Amino acid sequence: MHRSETPMSIQAPSAVVMVRPHRFTPNPETAEDNSFQKPSERSADETATRAHEEVTRAAATLREAGITVHLFDDDGRHNTPDAVFPNNWFSTHPGGHVALYPMYNPSRRRERRTDILEFLKQHYRVQDIIDYSGLEHDGLFLEGTGAMVLDHLARVAFTARSNRADPLALERFATHFNYEPLVFNTADAQGKAIYHTNVLMCIATQFALVALDAIVDPGRAGEVRQRLEETGREVLPISQQQVADFAGNAIELSSPQGRVLALSTRAAASLSDAQRRVIEHSARLLPLDVPTIELAGGSVRCMLAGVHLAPRRSTR
């Protein structure tokens, strides 16, 4: 491996927020447009217990790798089965900016938590919180870094059209945060639109995993590839089967020992040897075992809300 370059990267945060669920279950409300979601074959209690254990182990593995993990608990009192996926309701940005997002499903709107925002303000330099959640009343939705995959280097917001990424909401975000929206239509192996962009693409510092075949218009797929290659990244196409195995639902993080690519064990197992070689040139693979969480149709990227804020003091 050749990871002698500076480990810190604007693309790869060194801290994340995680939410550990106590009453996890695949959410029937979100199943309509999330074709990756599967019902649990276990009892509700066993499913919840296994999900709690998976998040606990994942947080410990990340900490052992040198990542700062801010772990919050969701006790289930507010009926928030998808609370384990906080990256959809908020995002953080250099310069002290935080965004709150309008959520498509009513149960997901209850995931927003003032205690997490207060924690961020206490431990990091937060200049402002831009709240788009009021757009829900107008039927306009934009589910954070699930709906958008952000290239922080080139300032591009790659966005798959879906119920969860309204063009007007996207335009407002892009204007406030100085990103260029690059929007495209997608289809999974069954021909259905893919519900979140971060299921089909992951942008790291020196490479990008992208399901180019899932982008309906070949010309648009070529443009996506070109925009990523213009930044010097190597584009690694992933197949529809790898999308189903959550290979695109990964996130690059910075640790004192170098960058890591956090992804599920299922996703890591789906990578080819050639893909692994490219990734490991600049980032160490960090597989996390989260099969119960993946029943909800999301994986490791969805579980980690990156912290791109300057710390007030040591937050470890």
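Modeller: Gladly, and let me begin with strands. Strand 10 (residues 207-210) and strand 11 (residues 234-237) are parallel partners, joined over 4 bridges. One caution: this is a predicted model, in which local features need pLDDT of at least 70 and side-chain atom pairs count only at pLDDT 80 or more, while totals for chains, interfaces and linings use all residues. Residues are numbered from 1 along each chain as its sequence is written, and side-chain values use heavy atoms, with hydrogens and water left out.

Biologist: What makes strand 10 and strand 11 a pair?

Modeller: Two strands pair if DSSP finds at least two bridges between them, and strand 10 and strand 11 have 4 bridges. One of these joins Phe207 to Glu234 in strand 11. Strands themselves are DSSP runs of E with at least two residues, helices are runs of H or I with at least four, and both are numbered from the N terminus.

Biologist: Which helix makes a β-α-β unit with strand 10 and strand 11, and what is its hand?

Modeller: Helix 6 (residues 218-229), and the unit is right-handed. That word applies if, with the strands pointing away from the viewer, the path from the first strand over the helix to the second runs clockwise.

Biologist: Where does strand 7 pair?

Modeller: Strand 7 (residues 156-160) has strand 6 (residues 148-151) as an antiparallel partner over 4 bridges, with Asp151 opposite Val156. Strand 7 also runs parallel to strand 8 (residues 180-184), joined by 5 bridges; there Ala157 faces Pro181. Between strand 7 and strand 8 the chain passes through helix 5, and this crossover is right-handed too.

Biologist: What lies between strand 6 and strand 7?

Modeller: The two strands form a hairpin with 4 residues between them. Arg155 is in that loop, and has a positive phi of about 60° although it is not a glycine.

Biologist: Why is Arg155 called partly exposed?

Modeller: Buried means under 20% relative accessible area and exposed over 50%, with partly exposed in between (1.4 Å probe, protein chains only). Arg155 has 28% relative accessibility, so it counts as partly exposed. Phe246 also has a positive phi, about 70°, without being a glycine, but at 1% relative accessibility it counts as buried. Its place is the loop between helix 7 (240-244) and strand 12 (251-255).

Biologist: How many residues of strand 7 are buried?

Modeller: 5 of its 5 residues. Val156, Phe158 and Ala160 are on one side, Ala157 and Thr159 on the other, and both faces are covered.

Biologist: What makes Phe173 and Phe177 a stacked pair?

Modeller: Rings of Phe, Tyr and Trp (its six-membered ring) pair if their centres lie within 6.5 Å; planes under 30 degrees apart count as stacked, over 60 as edge-to-face and the rest as tilted. By this rule the count comes to 7 aromatic pairs. For Phe173 and Phe177 the values are 4.8 Å centre to centre and 20° between the planes, hence stacked. They are 4 residues apart in helix 5 (residues 167-177), which means about one helical turn, and both are buried. Trp89 and Phe90, at 4.7 Å and 55°, are tilted instead.

Biologist: Which residues make up the ring cluster?

Modeller: Tyr101, Tyr132, Phe173, Phe177 and Tyr179. The charged end of Arg155 sits over the ring of Tyr179, 4.0 Å from its centre; the rule asks for NZ of Lys or CZ of Arg within 6 Å of the ring centre and within 35 degrees of the ring normal.
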